[in-house]
Amino acid sequence: MTAPAIVATGISRTYELDGVSVPALRGVSLTIEPADYVAIVGTSGSGKSTLMHLLGGLDRPSGGTLLIGGRDVSTLNPAEMAKLRNETIGFVFQSFHLLSRTTARDNVALPLVYRGAGRRERRERATAMLERVGLAHRLDHRPNQMSGGEQQRVAIARALVTDPSVLLADEPTGNLDSATGQSVLALLESLNDDGVAVVLVTHDREVAARAQRQIVMKDGVIVQ
Ligand SMILES: Nc1ncnc2c1ncn2[C@@H]1O[C@H](COP(=O)(O)OP(=O)(O)O)[C@@H](O)[C@H]1O
Ligand SMILES: [Mg+2]
């Protein structure tokens with residue numbers, strides 16, 4: 001038996017905005033198993049991104065218990081959180097979040113800098129990962145020289161270069177046309193076949209139906 005990748009128990013997140021409390025997440029329990037494939041759907045504002053940020057260790061819960069890679073995040077300081085994130089989680093955003101003046105290869109290599117990998121190892125691993133996502137011919141292109149689909153593939157390669165056990169993708173096809181979106185989804189599915197747990201936020205019911213499990217969110221809770 002392998003331990004779950006992520007275990008959330010009754011987690012909540014309340015934002016404080018101009019003295020007003022916004023309860024974005026109100027008690028969510030969820031377990032992500034190794035090699036899981038989970039789709040999260042729900043209307044805009046239902047708390048999907050808030051949940052993804054917590055699962056990815058980009059933010060901390062206001063309440064409840066969250067274990068990432070078996071470690072209770074409430075016991076970790078910011079440096080320990082960053083290290084856990086770097087070792088366990090890959091994150092892909094709707095708007096790619098690439099460095100615009102940096103080549104595809106250097107964008108992908110960046111997470112390895114924080115790991116202290118040497119220059120040669122960084123280049124080799126970044127190159128191999130760009131080959132894996134079908135971009136062997138774009139190593140030295142910068143993001144503004146690539147299509148949206150190519151940029152999202154670079155972002156996926158960057159998320160995977162550290163060999164994470166979980167890939168979190170928050171509406172990764174939201175800025176892509178449907179054909180390009182399909183090819184990015186096919187890539188996520190093939191990564192899942194290779195044993196990476198995938199958690200995907202999507203608006204597309206057909207896409208969600210292809211996951212092993214679907215979670216429907218509404219008003220900060222899981223309703224189904
Ligand atoms: N940084 C923030 N500060 C204040 N309120 C926020 C912040 N981020 C999100 N919210 C609010 O929390 C709720 C959930 O947002 P979000 O998780 O982004 O939903 P979704 O991704 O499902 O559209 C919304 O009401 C949103 O306005
Ligand atoms: Mg969102």
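This is a predicted model: local features need pLDDT of at least 70, side-chain atom pairs count only at pLDDT 80 or more; totals for chains, interfaces and linings use all residues.
Local features need pLDDT of at least 70 and side-chain atom pairs count only at pLDDT 80 or more, while totals for chains, interfaces and linings use all residues. Residues are numbered from 1 along each chain as its sequence is written, and chains are lettered from A and ligands numbered from 1 in the order in which they are written.

**View 1. Helix α4 and its buried residues.** Helix α4 covers residues 119-132 and reaches 20 Å from its first C-alpha to its last, close to the 20 Å expected at 1.5 Å a residue (1.5 Å times one less than the number of residues). Helices are DSSP runs of H or I with at least four residues, and strands are runs of E with at least two, numbered from the N terminus. R122, R125, A126, M129 and L130 are buried (20 or more other C-beta atoms within 10 Å of the residue's own, placed from the backbone). Seen down the axis of α4, the buried residues fall within an arc of 135 degrees, so they line one face of the helix; the arc is that of the directions from the helix axis to the C-beta atoms. Just after α4, G134 takes a positive phi of about 80 degrees.

**View 2. V166 in strand β7.** Strand β7 spans residues 166-170. V166 counts as buried because it has 24 C-beta neighbours inside 10 Å. Leaving aside neighbours within four places in sequence, V166 is in contact with residues including A5, I32, T88 and V199 (C-beta atoms, placed from the backbone, within 7 Å).

**View 3. Contacts of V198.** Not counting residues up to four places away in sequence, V198 touches Y37, L167, A169, L188, L191 and N192.

Terms used:
A residue is buried if 20 or more other C-beta atoms lie within 10 Å of its own, exposed if 12 or fewer, and partly exposed in between; C-beta atoms are placed from the backbone. Two residues are in contact if their C-beta atoms, placed from the backbone, lie within 7 Å.
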